[in-house]
Amino acid sequence: MRLFAFPSQQQIYDHSPHWLQRILVNAEAVRREWFRRHGDYRQLVASHDPSWYYRSRDEQENWQLMQLNRLLAAVRRRVPFYRDILPDQPLTSLADLSNIPMLHKEQIRQNPLALVADDLDRRTLWPRKTSGSTGTPLTFYLDREATRNHQAPADAMLATLGCQFGLPRARFSGAYVAPYTRSQPPFWIWIDLYHQLQCSAYHLAPEFYPHYIRVLRESGVIYGTGYPTAWHLLATYLLETGDRPPTLRAIITDSEGISIEQQMVVERAFGCPVVQTYGTGEVGQIAWQCEHRRYHILSRAAIAEVVDDDGRPVAPGETGQIVVTSFASSGTPFIRYQTGDLATLAPDDCPCGRHSPSWVAIEGRIDDRIKTPDGRWIGRLSHVTKPGIGIKESQIAQVARDRIVIRVVPAADFVPASMTAVIEVARRYLGPTMQIEWELVERLPRTRAGKLRHVVREIEV
């Protein structure tokens with residue numbers, strides 16, 4: 001006997017008319033808003049006044065220490081995983097935080113509910129899953145306190161750019177909008193509750209760029225958010241064709257990074273500032289670029305350490321792993337969480353006048369490194385393609401133990417001869433035993449979430 005198979009939510013969505021799809025996405029938006037912006041959300045936004053970051057470093061750190069001790073005491077009482085890990089006495093300085101073991105992703109994978117307070121109703125939690133760009137997705141849980149505290153500092157920072165939540169905006173992300181096989185627009189859908197034009201990052205092929213630009217103009221969006229690589233592709237198209245861009249106040253990017261040179265291309269094409277941010281689904285947004293391109297930690301939202309392979313703080317100017325302690329919730333806490341991302345700690349105070357800790361660069365993921373034949377791990381390769389002329393996008397792929405291929409999507413002004421300088425720069429970092437080649441490609445592959453990884457290893461090392 002053949003059992004009847006109920007269609008999945010995605011199948012229902014795919015086979016629905018556009019008007020019904022719009023109802024479905026707005027119903028999902030209502031569910032998400034119940035987590036993100038209800039309750040004391042407005043008071044939380046007010047508490048994240050961006051002028052805070054201009055206060056002295058001592059004042060910020062004193063507040064963080066007080067907040068940290070409150071968090072640790074509550075977590076030790078509420079969360080089974082941490083009962084035998086956290087100290088039973090208050091810390092006397094932020095430096096004492098390094099005595100607490102770091103939290104690794106594998107510990108969460110083994111039992112994500114162990115990191116949830118035992119006094120929380122499991123039915124009120126939001127199950128989340130990372131994209132798993134390295135091949136292994138991560139499932140974790142957030143309570144309403146955490147989701148509101150993730151949203152509030154981000155919305156407070158948006159307001160400083162004249163991009164308050166509720167104003168019409170366009171977003172490029174990994175959200176599912178249409179089947180990959182769709183060959184005609186729309187590749188977007190309007191979410192009424194957010195006043196948001198949700199654009200598919202999966203359909204950004206050159207033949208569709210004019211359609212995206214047209215809908216951005218006609219929809220009346222005031223600012224943009226989301227994947228910077230998506231905005232960069234459209235920016236390159238605008239500069240190559242002279243097509244008229246939409247009028248935007250700013251573009252605020254998240255989820256991945258682009259180089260400063262690419263950021264300047266987006267600014268030139270769209271005629272507005274571009275602000276890159278850093279965060280993860282687990283801890284929310286915790287760093288925003290200032291006008292000097294430094295990433296300032298949102299110190300009222302989290303403590304962000306930059307540590308070496310042994311968990312020790314790196315010196316100013318050095319690169320290390322980002323480890324985050326979030327103040328978002330004692331019910332679903334992340335304490336000394338190893339993000340797997342790399343940053344370079346700023347060597348001095350920022351000229352912008354903010355005194356929260358800052359990074360001069362985010363260098364990608366720990367897994368986004370090349371291993372040379374002599375066993376060295378090489379990261380920080382984003383600058384290798386700087387000498388290249390007319391490179392729209394690039395990706396460095398290790399295809400063998402002693403061979404890498406630099407894949408290049410060319411712009412209209414691409415100069416093949418400039419790749420000689422690119423290879424010379426790469427050789428300075430990777431050594432004479434590594435074979436270095438380059439090739440032209442029409443498109444670079446994205447992860448399941450639609451992100452571009454700038455460095456990939458296609459072999460086991």
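This report walks through a cavity, a pocket, a helix pair and a sheet in a predicted model.

Local features need pLDDT of at least 70 and side-chain atom pairs count only at pLDDT 80 or more, while totals for chains, interfaces and linings use all residues. Residues are numbered from 1 along each chain as its sequence is written, and side-chain values use heavy atoms, with hydrogens and water left out.

Searching the whole structure turns up one cavity of 30 Å³ or more. On a 1 Å grid over the protein atoms alone, a cavity is a set of points where a 1.4 Å probe fits but cannot get out; a pocket is an open set with protein on both sides within 12 Å along at least five of seven lines; lining residues have an atom within 4 Å of a point. Grid points are joined across faces, edges and corners, and a volume is the space filled by probe spheres set on the points. In the table, Ala, Val, Leu, Ile, Met, Phe, Trp, Tyr, Cys and Pro count as nonpolar, Asp, Glu, Lys and Arg as charged, and the others, Gly among them, as polar.

| Space | Volume | Lining by class |
|---|---|---|
| Largest cavity | about 50 Å³ | eight nonpolar, one polar, no charged residues |
| Second largest pocket | about 620 Å³ | 16 nonpolar, ten polar, six charged residues |

Among the residues lining the largest cavity are Ile108, Phe140, Tyr141, Thr332 and Phe334. For the second largest pocket, Arg57, Glu61, Ala304, Glu305 and Pro357 are the closest to its centre of the 32 lining residues.

**A helix pair**

Helices (H or I, at least four residues) and strands (E, at least two) are DSSP runs, numbered from the N terminus. H7 (residues 209-218) packs on H8 (residues 228-241) at about 100°, axes 10 Å apart; axes are lines fitted to C-alpha atoms, for helices over the stretch in contact, and angles run from 0 to 180 degrees between N-to-C directions. That makes H7 and H8 roughly perpendicular (65 to 115 degrees). In contact (heavy atoms within 4.5 Å) are residues including Tyr209 and Ile213 from H7 and Trp231 and Tyr237 from H8.

**A sheet and its helix**

Four strands form an open sheet in the order E19-E18-E17-E20, with mixed pairing (two strands pair if DSSP finds at least two bridges between them). E19 (435-440) and E20 (455-457) are the edges, each with a single partner strand, so one side of each lacks a neighbour in the sheet. E18 (residues 403-410) and E19 run parallel, joined by six bridges, and Arg403 sits opposite Gln435 in E19. Helix H10 (residues 419-430) lies across E17 (391-400), E18 and E19, at about 145° to E19.

Technical notes. Angles under 35 degrees count as roughly parallel, over 145 as roughly antiparallel, 65 to 115 as roughly perpendicular and the rest as oblique.
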